[in-house]
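Open the model in your viewer and keep the selection tool at hand. This tour goes stop by stop: select, look, move on.

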Amino acid sequence: MRTIYLQEKGPSDLPACVATIGFFDGVHRGHQFLLSHVVKTAQKEGRLSMVITFDKHPREVLHADYQPQLLTSLHEKLCLLERTGVDVAVILHFDAALAQLSALDFMRDLLHRRLHVVKLFIGYDHRFGHNRAEGFADYVVYGKEMGMEVVQNPVFKLNGENISSTICRRHVAAGEMEIATACLGHPYIIEGKVVSGFQEGRKMGVPTANIQPDEPRILIPASGVYAVKVRIEGEETWRLGMMNIGTRPTFGGDSLTLEAHIFNFNGNLYGKSLQVAVLHRIRDEHKFRSVEELTQQLKQDQQKIIEIEETNERE
């Protein structure tokens, strides 16, 4: 997949293409459904397939006090978009000037003249342009004026529910990772670096990696202990482990930490980048009466996670 950060003025060097546009946070199954139609249509018509997205959430620009909780960093979003088979990802810098464009100006000046879009797929509930004042019927009229066909994609439903980034965030925030995975179509992943921690886990014989997310606005699942799989930078293997999300109440902690323990691993992870796939919530975070009691519980957590993994492998 070719990635273009569209900043310079003037038309691109791209040929006529079939495209869609959106923020695509999470690149969930609804997004995948839309992008599959873009890719298949482009292949059928012998054209390039394109996804157009933004470097920041539009509401960050439109509402100064808005603090998004994201399902994916830009890096992870691009990795997921590449899996859909789309040919080109165009990243627009969303600023006040872009926000002020009407739908007509956006379609004519950017989609038509600069990116050479000849067919535009629109999500069932997607709106763009200043104040999002216009809708699909308007886009169709504007498209005809410039030789662009505008197509509204059907909705994707799972168990009768329209899948959206909002729905995915709701399940992740609640720690409902199995449902979140079903809605996303892939495990929920947190990317980050290993930074110095409190080393309490090492003292208990359960060394943990204290993870600082690369994307500070990433949505953190509900506090608790989770079954995870971890990929260390430079490796292809996903290693089974567990992660505690919480404030470490047994040790009197008061700030949120993400501490991952990789089973049967003794290497030095400080300063390394990790990808953590959050799979299952095992239990709530508790304050234990002693470190010994916590240590015993961690052993039980590990055994439970191993049993879950073995069951999943048999299935």
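Start with Lys77. This is a predicted model, and in it Lys77 sits in helix H3, residues 74-83. Is Lys77 buried or exposed? Lys77 is buried, yet it has no salt bridge. Select Asp25 as well: it is the nearest side chain of opposite charge, 6.2 Å away. Now show what Lys77 does touch. Leaving aside neighbours within four places in sequence, its contacts are Phe23, Phe24, Val27, Thr53, Phe54 and Thr72.

Keep Phe54 selected and follow it to a strand. Phe54 has Leu92 as its bridge partner in E4. Select all of strand E4, residues 88-92: 5 of its 5 residues are buried. In a regular strand, side chains alternate between the two faces of the sheet. Look at each side of E4 in turn. Val88, Val90 and Leu92 are buried on one side, and Ala89 and Ile91 on the other.

Strand E3, residues 48-54, pairs with E4 in the parallel sense over 5 bridges. Strand E1, residues 2-6, also pairs with E4 in the parallel sense, over 5 bridges.

Move on to the largest nonpolar core. How many residues does it have? The count is 33, and those with the most contacts inside the core are Tyr188, Met243, Leu269, Leu274 and Val276. Several elements each supply at least two residues of this core, including helix H7 (165-173), helix H8 (177-184), strand E9 (188-195) and strand E14 (273-283). A second, separate core of 32 residues includes Ala19, Met107, Leu111 and Phe128.

Go back to Leu274 and display its surroundings. Not counting residues up to four places away in sequence, Leu274 touches Ile190, Glu191, Gly192, Val194, Ala209, Ile211, Val230, Arg231, Ile232 and Leu269.

Last stop: helix H10, residues 291-314. H10 has 24 residues and reaches 35 Å from its first C-alpha to its last, close to the 34 Å expected at 1.5 Å a residue. Which residues of H10 are buried? Select Leu294, Thr295, Gln297, Leu298, Asp301, Ile305 and Glu309. An α-helix has 3.6 residues a turn, so residues three or four places apart point the same way. Finally, show E11, E12 and E14, which are among what covers the buried residues of H10.

Notes: Residues are numbered from 1 along each chain as its sequence is written. This is a predicted model: local features need pLDDT of at least 70, side-chain atom pairs count only at pLDDT 80 or more; totals for chains, interfaces and linings use all residues. Side-chain values use heavy atoms; hydrogens and water are left out. A nonpolar core is a set of buried Ala, Val, Leu, Ile, Met, Phe, Trp, Tyr and Cys residues joined through side-chain atoms within 4.5 Å. Buried means under 20% relative accessible area, exposed over 50%, partly exposed in between (1.4 Å probe, protein chains only). Helices (H or I, at least four residues) and strands (E, at least two) are DSSP runs, numbered from the N terminus. Contact means heavy atoms within 4.5 Å. Lys and Arg count as positive and Asp and Glu as negative; His and the chain ends are not counted. A salt bridge is a side-chain nitrogen of Lys or Arg within 4 Å of a carboxyl oxygen of Asp or Glu. Two strands pair if DSSP finds at least two bridges between them. The expected span of a helix is 1.5 Å times one less than its number of residues.
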